[in-house]
Amino acid sequence: MTANGMADVWNRLRDWARRMKQDVMALWLAARDRRTPIMAKVLAAAVAAYAFSPIDLIPDFVPVLGYLDDLVIVPLGILAAARLVPPALMAEFRAAAAQRMVRPSSPAGLAIVIALWLATTASLLCWLWPRIAP
């Protein structure tokens, strides 16, 4: 394969990944919109949560299968959820996602994650301190 051919493949993969990210964002928006049918809302929320979550069904360090679940589960979930959302609404959510293209942020969620990390660190230090202190 020539250098141009390889660059073309990488460009197509990058565009596909960008569209996937945009569709996940659109599903996240669909899950939060009151106009979305309830079944579509549930599936959209599940797909978005799985895609945004650092926890996978099969951890990424497992050879081949670790990344294969992301390459199969997320696209199939996007396809299924997008079909349940009315086309006009999905087009609206995709347009809004294209404008945002950032992960959803929540000050409360950030505070919870920081609190959990601090609590875990404090617990570990309390457990280790008697063992390492002279």
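Biologist: Why is Asn 11 called partly exposed?

Modeller: In this predicted model, Asn 11 has a relative accessible area of 32%. Buried requires under 20% and exposed over 50%, so Asn 11 at 32% counts as partly exposed. The residue is found in helix α1.

Biologist: Where does Asn 11 stand relative to Ala 30, along the chain and in space?

Modeller: Asn 11 and Ala 30 are 19 residues apart in sequence, and their C-alpha atoms lie 28 Å apart.

Biologist: What makes Met 20 buried rather than exposed?

Modeller: The relative accessibility of Met 20 is 14%. Since the limit for buried is under 20%, Met 20 counts as buried. Met 20 belongs to helix α1, and beyond four places in sequence it touches Val 74, Pro 75 and Ile 78.

Biologist: Which residues lie nearest the centre of the second largest pocket?

Modeller: Of the 12 residues that line this pocket, Ala 17, Met 20, Lys 21, Ala 51 and Val 74 lie nearest its centre. The elements giving two or more residues to the lining are α1 (3-32), α2 (38-52) and α3 (65-84). Helix α1 gives the most, with five residues. The space in the pocket is about 300 Å³.

Biologist: How many residues of that lining are nonpolar, polar and charged?

Modeller: The lining of the second largest pocket has nine nonpolar residues, no polar ones and three charged ones.

Biologist: How do you know that Asp 23 and Arg 94 form a salt bridge?

Modeller: Their closest N and O atoms are 2.8 Å apart. A salt bridge requires these atoms to be within 4 Å, so the pair qualifies. Asp 23 lies in helix α1 and Arg 94 in helix α4 (residues 87-100), 71 residues apart, and the pair thus links distant parts of the chain. The structure holds five salt bridges.

Biologist: Why do Asp 23 and Arg 94 receive the accessibility classes they do?

Modeller: Asp 23, at 15% relative accessibility, counts as buried, because the limit is under 20%. Arg 94, at 31%, counts as partly exposed, because that class lies between 20% and 50%.

Biologist: What makes Asp 33, Arg 35 and Glu 92 a network?

Modeller: Asp 33 and Arg 35 meet in a salt bridge at 3.0 Å, N to O. Glu 92 forms a salt bridge with Arg 35, the closest N and O atoms being 2.6 Å apart. This second pair links distant parts of the chain, with Glu 92 in helix α4 and Arg 35 in the loop between α1 and α2, 57 residues apart. Both distances are within 4 Å, so the three residues are linked in a network of salt bridges.

Biologist: Why is no salt bridge assigned to Lys 41?

Modeller: The nearest side chain of opposite charge, that of Asp 33, is 6.5 Å away. The cut-off is 4 Å, so Lys 41 is left without a salt bridge although it is buried. Lys 41 lies in helix α2. Not counting residues up to four places away, it touches Ala 30, Ala 31, Asp 33, Arg 34 and Thr 36.

Biologist: What makes Leu 128 partly exposed?

Modeller: Leu 128 has a relative accessible area of 29%. That value falls between 20% and 50%, so Leu 128 is partly exposed. Its place is in helix α5 (residues 107-132). Leu 128 and Ala 96 are 32 residues apart in sequence and 49 Å apart, C-alpha to C-alpha.

Note on methods:
Residues numbered from 1 in each chain as written. Predicted model: local features only at pLDDT ≥ 70, side-chain atom pairs only at ≥ 80, totals over all residues. Heavy atoms only, no water. 1 Å grid on protein atoms, 1.4 Å probe; cavity = no way out; pocket = protein on both sides within 12 Å on 5 of 7 lines; lining within 4 Å. Points joined across faces, edges and corners; volume = space filled by probe spheres on them. Helix = DSSP H or I, 4+ residues; strand = E, 2+ residues; numbered from the N terminus. Nonpolar A, V, L, I, M, F, W, Y, C, P; charged D, E, K, R; others polar. Buried < 20%, exposed > 50% of the residue type's maximum accessible area, 1.4 Å probe, protein only. Lys, Arg positive; Asp, Glu negative; His and termini not counted. Contact = heavy atoms within 4.5 Å.
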